[in-house]
Amino acid sequence: MAVASRTFALSIFFWLTISLANYALIIEQSELYLGKNLGQKLLTIEAMDDKSQALALITSLSEDTTLSTLNRLSVLATQSKIYHRLGRLDRAIEVAQQEQKLANDFDFRQIAADASKRVGAYAYYKGNNRLALLSYQQALNYYLTVNAPIAQANLYNNIALVHAATAKLENALQSYQQAQPLYQKFGSQLDKLDVKYNIAGLHLRLKRYDIAILMFHEVIEKRLEMDDPKGLAMAYGDLGS
C-alpha cells in the first residue's frame with residue numbers, strides 16, 4: 001500500500017511539474033509575443049539564446065492550423081533553422097524539404113529555391129554531399145532566371161565547396177571561376193578576396209604551385225591593406241604548406 005501511495009504521489013508530482021512547465025511556456029509566449037505579428041515572433045524565436053526553448057515555441061506555432069500558406073512557409077523556415085542550431089540536421093533537412101515542397105505546390109519559386117539552398121547547407125554539414133549538390137543546383141537553376149548576381153555567386157561558391165569535399169577539384173575550380181566574375185563586379189572586397197583565396201587553394205591541391213603562389217601573394221597584399229590578421233594567417237599558412 002505504501003508503494004502504491006508513493007507511486008501515486010510521484011505521478012501527481014510529475015503531472016504538476018509538466019503542467020507548471022506548460023503554464024510557464026504559455027506565460028512566456030504571451031510576454032514574448034504581446035503586440036507582435038508573426039514575422040516579429042519568428043525573429044524573436046531565431047534570436048533566442050535558449051534553442052530548446054526556441055524549438056518549443058516554433059513547434060507550437062507550427063501546430064496552428066489557421067496559418068496561411070505563406071505564414072506556414074515562414075514558420076517552416078524558422079523551424080529548420082532552429083533544428084540546425086540544435087545540431088539535429090536530419091530534422092532540419094526534413095523540415096526544409098517540407099517547406100520546399102509546399103512552396104513548389106503553390107508556385108512560390110523563390111521561397112522553394114531558398115528552402116532548397118537550406119537543404120543543401122544542412123546536407124553539406126551532415127556530409128551528405130550528393131543531396132547538398134542536388135539541392136544547391138536546384139536553387140541555382142532558379143536564381144539564374146532572375147537578376148540576383150550575388151545569390152548566383154554564393155551558390156556557385158557552395159557548389160564548389162561540395163565538389164572540393166568529394167575531391168572533384170577541377171569541378172570545384174570551375175564553379176569558383178563562375179563565381180569570381182560575379183563577385184568582382186557585384187561583391188564586397190571580402191567576397192573578392194575569399195574567392196581568390198579559395199581558387200589559390202585549389203591550384204595548390206592540383207599541384208599548380210606557380211599559379212597558387214602568385215594568387216596567395218595577391219591575397220596577402222590585400223589582407224595587409226585591410227588589416228585582416230585572421231585572413232593573413234590562413235594565407236601565410238597555405239603559402240607555407
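This report describes the helices, the nonpolar core and a few individual residues of the structure shown above.

The model is predicted, so local features are given only at pLDDT of at least 70 and side-chain atom pairs count only at pLDDT 80 or more, while totals for chains, interfaces and linings use all residues. Residues are numbered from 1 along each chain as its sequence is written, and side-chain values use heavy atoms, with hydrogens and water left out.

**Overall build**

The protein holds twelve helices and zero strands, where helices (H or I, at least four residues) and strands (E, at least two) are DSSP runs numbered from the N terminus. Of its 241 residues, 41% count as buried; buried means under 20% relative accessible area, exposed means over 50%, and partly exposed lies in between, with a 1.4 Å probe and protein chains only. Among the contacts with a separation of 6 or more, 48% join residues 24 or more positions apart, contact meaning heavy atoms within 4.5 Å.

**Two helix pairs**

Two packed helices are described by the angle between their axes and the distance between the axes. Here axes are lines fitted to C-alpha atoms, for helices over the stretch in contact, and angles run from 0 to 180 degrees between N-to-C directions.

| Helix pair | Angle | Distance between axes |
|---|---|---|
| α2 (residues 38–46) and α3 (residues 51–62) | about 155° | 9 Å |
| α4 (residues 69–85) and α5 (residues 89–105) | about 160° | 8 Å |

Helices α2 and α3 are therefore roughly antiparallel to each other, a term for angles over 145 degrees, with under 35 counting as roughly parallel, 65 to 115 as roughly perpendicular and the rest as oblique. Leu38, Leu42, Ile45 and Glu46 of α2 meet Lys51, Ala54, Leu57, Ile58 and Leu61 of α3. These contact residues divide into seven nonpolar, no polar and two charged, where Ala, Val, Leu, Ile, Met, Phe, Trp, Tyr, Cys and Pro count as nonpolar, Asp, Glu, Lys and Arg as charged, and the others, Gly among them, as polar.

Helices α4 and α5 are likewise roughly antiparallel to each other, and α4 passes α5 in a left-handed crossing. The residues making this contact include Leu73, Leu76 and Tyr83 of α4 and Val95, Glu99 and Leu102 of α5. The contact residues comprise ten nonpolar, five polar and three charged.

**Core and a buried residue**

The largest nonpolar core has 61 residues, and those with the most contacts inside it are Ile45, Ile58, Leu61, Val75, Tyr136, Tyr143 and Leu202; such a core is a set of buried Ala, Val, Leu, Ile, Met, Phe, Trp, Tyr and Cys residues joined through side-chain atoms within 4.5 Å. Its largest share, eight residues, comes from α8.

Isoleucine 199 is found in helix α10 and is buried, with a relative accessible area of 1%. Leaving aside its neighbours within four places in sequence, isoleucine 199 is in contact with Leu173, Tyr176, Gln177, Gln180 and Met215. The C-alpha atoms of isoleucine 199 and alanine 172, 27 residues apart along the chain, are separated by 8.7 Å.

**Two loop residues with positive phi**

Alanine 167, in the loop between α8 (149–165) and α9 (169–186), has a positive phi of about 65° although it is not a glycine. Alanine 167 is exposed, with a relative accessible area of 56%. Lysine 207, in the loop between α10 (189–205) and α11 (209–226), also has a positive phi of about 65° without being a glycine, and lysine 207 is exposed, with a relative accessible area of 59%.

Technical notes:
Left-handed = near helix turned anticlockwise from the far one by under 90°.
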